Amino acid sequence: MEERRRVNAAILGFAHGHVNGYIEEWKKREAYGVRVAAGWDHDPARLAQAAEAHGLEACRDVEALLARPDVHAVVIASETSLHAELVVKAAAAGKAIVLQKPMALTSAEADTVVEAVNRYGVPFTMAWQMRVDPQNAKMKALLEEGRLGRTFTVRRRHGLSVGLQPAFADSWHVDPKLNRDIWADDASHPIDFLLWLLGEPESVTAEIESLHHPRIPMDNGVALFRYPGGPLAEVNCSFTCAAAENTTEIVCEKGTIVQNFGDAVSCNVPRAPGASGLRWYSTEEGRWVDSGIETPDTHFARIRALAEPLAAFLRGERGPIATAEEGRAALRMVLATYVSAREGRRVRLDDAGIESV
């Protein structure tokens with residue numbers, strides 16, 4: 001049997017906590033074939049903490065780290081404001097790249113990422129856990145198989161409780177210079193889910209509000225994406241949500257798909273033993289069908305589960321979870337919601353106003 005390729009990776013920035021899950025998983029099993037040997041962060045204290053926690057070499061010079069021939073790939077998990085700059089440097093150094101969400105702050109920065117990836121021809125993927133979650137994959141397969149007929153509406157609710165925590169107001173996640181705000185940061189997940197599930201929409205109408213803490217803006221929002229001829233697709237996000245249950249509802253011609261416990265505020269709270277995570281009603285069968293796909297005990301388990309497909313990508317055994325172009329498309333969908341909410345109108349995805357956000 002041919003031996004699997006071994007990949008030495010470096011972490012560029014430890015701001016996004018998701019990266020800690022990947023590192024921990026890769027350390028647990030040699031079969032992943034990924035060794036994280038070093039890391040860089042512009043924040044010395046955060047770098048020292050990560051190096052100690054994971055047993056990594058702490059590097060203060062990102063250019064020197066990227067120049068090392070023993071580093072084959074990077075995972076960029078810095079603040080969003082640094083994504084484009086770090087992608088350009090890593091791509092120029094010929095490294096494979098895993099990039100945390102969202103791709104960038106602006107459409108222009110996203111263009112810079114796409115241009116660098118294409119110019120240097122490096123392997124690149126966005127790190128979206130929704131695209132590899134087994135329940136989400138089953139929903140996508142059901143729609144593609146057409147067993148429930150035409151799709152009329154898709155609703156994805158997504159939430160966090162961070163807006164209820166006063167200390168979150170001091171985090172980089174809500175600093176407009178580093179990450180815009182919590183809507184841009186985390187509504188990107190369900191918005192990319194729609195992109196993956198249904199393709200790129202024609203337009204969006206959105207309302208985004210700051211309802212709870214004045215220093216944690218844009219904490220609640222609803223976006224309605226229009227696909228000509230259907231379906232109508234809704235993203236509903238509250239980042240001041242203590243608990244929930246239903247995550248996805250897809251209404252089709254011959255039935256309805258229901259997913260529960262698909263985000264942190266629904267997965268991490270107590271639920272009835274044996275409660276179904278994903279099921280669908282089929283009018284042809286006249287009954288509810290349980291998918292049999294278990295819901296993980298915690299939402300962070302879904303994030304940790306990205307370690308395997310990311311490792312397969314870095315080993316060259318699978319394609320990207322999401323391409324640079326898809327990352328840019330998801331960002332434009334997010335930015336279009338701001339234009340819509342600001343100007344009170346339906347916004348096409350090719351609207352020039354997106355460039356000004």
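**Pockets and helix pairs: a short tour**

Let's start with the largest pocket. Its lining counts 22 residues, and those nearest its centre are His18, Lys101, Leu160, Asp186 and Ile303. Keep in mind that this is a predicted model.

Which elements give two or more residues to that lining? There are strand E7, at 151-159, helix H7, at 182-186, and helix H10, at 299-304. The space in this largest pocket comes to about 340 Å³. What about the classes in its lining? Eleven residues are polar, seven are nonpolar and four are charged.

Now the second largest pocket. It holds about 200 Å³ of space. Here 14 residues form the lining, and Trp26, Lys27, Val34, Arg35 and Val36 are the closest to the centre. Two elements give two or more residues each: helix H1, at 18-28, and strand E2, at 34-40. Which of the elements gives the most to this lining? That is E2, with four residues. By class, the lining of the second largest pocket has six nonpolar, five charged and three polar residues.

On to helix packing. Two packed helices are described by two things: the angle between their axes and the distance between the axes.

Take H1 again, this time with helix H11, residues 307-314. Their axes come within 9 Å. The crossing angle is roughly 75°. Angles of 65 to 115 degrees count as roughly perpendicular, and that makes H1 roughly perpendicular to H11. Who makes the contact? From H1, it is Tyr22, Glu25 and Trp26. From H11, it is Ala307, Leu310, Ala311 and Leu314. Six of these contact residues are nonpolar, one is charged and none is polar. Note Trp26: it is in this contact, and it is also among the residues closest to the centre of the second largest pocket.

Last pair: helix H4, residues 83-92, and helix H5, residues 107-120. Again the axes come within 9 Å. But how do these two cross? The angle is roughly 5°. Under 35 degrees counts as roughly parallel, so H4 and H5 are roughly parallel to each other.

Who meets whom here? H4 brings Ala84, Val87, Val88, Ala91 and Ala92. H5 brings Glu109, Thr112, Val113, Ala116, Val117 and Tyr120. By class, the contact of H4 with H5 has nine nonpolar residues, one polar and one charged.

To recap: the pockets hold about 340 Å³ and about 200 Å³. H1 and H11 are roughly perpendicular. H4 and H5 are roughly parallel. Thank you.

Conventions. Residues are numbered from 1 along each chain as its sequence is written. This is a predicted model: local features need pLDDT of at least 70, side-chain atom pairs count only at pLDDT 80 or more; totals for chains, interfaces and linings use all residues. Side-chain values use heavy atoms; hydrogens and water are left out. Axes are lines fitted to C-alpha atoms, for helices over the stretch in contact, and angles run from 0 to 180 degrees between N-to-C directions. Angles under 35 degrees count as roughly parallel, over 145 as roughly antiparallel, 65 to 115 as roughly perpendicular and the rest as oblique. Contact means heavy atoms within 4.5 Å. Ala, Val, Leu, Ile, Met, Phe, Trp, Tyr, Cys and Pro count as nonpolar, Asp, Glu, Lys and Arg as charged, and the others, Gly among them, as polar. On a 1 Å grid over the protein atoms alone, a cavity is a set of points where a 1.4 Å probe fits but cannot get out, and a pocket is an open set with protein on both sides within 12 Å along at least five of seven lines; lining residues have an atom within 4 Å of a point. Grid points are joined across faces, edges and corners, and a volume is the space filled by probe spheres set on the points.
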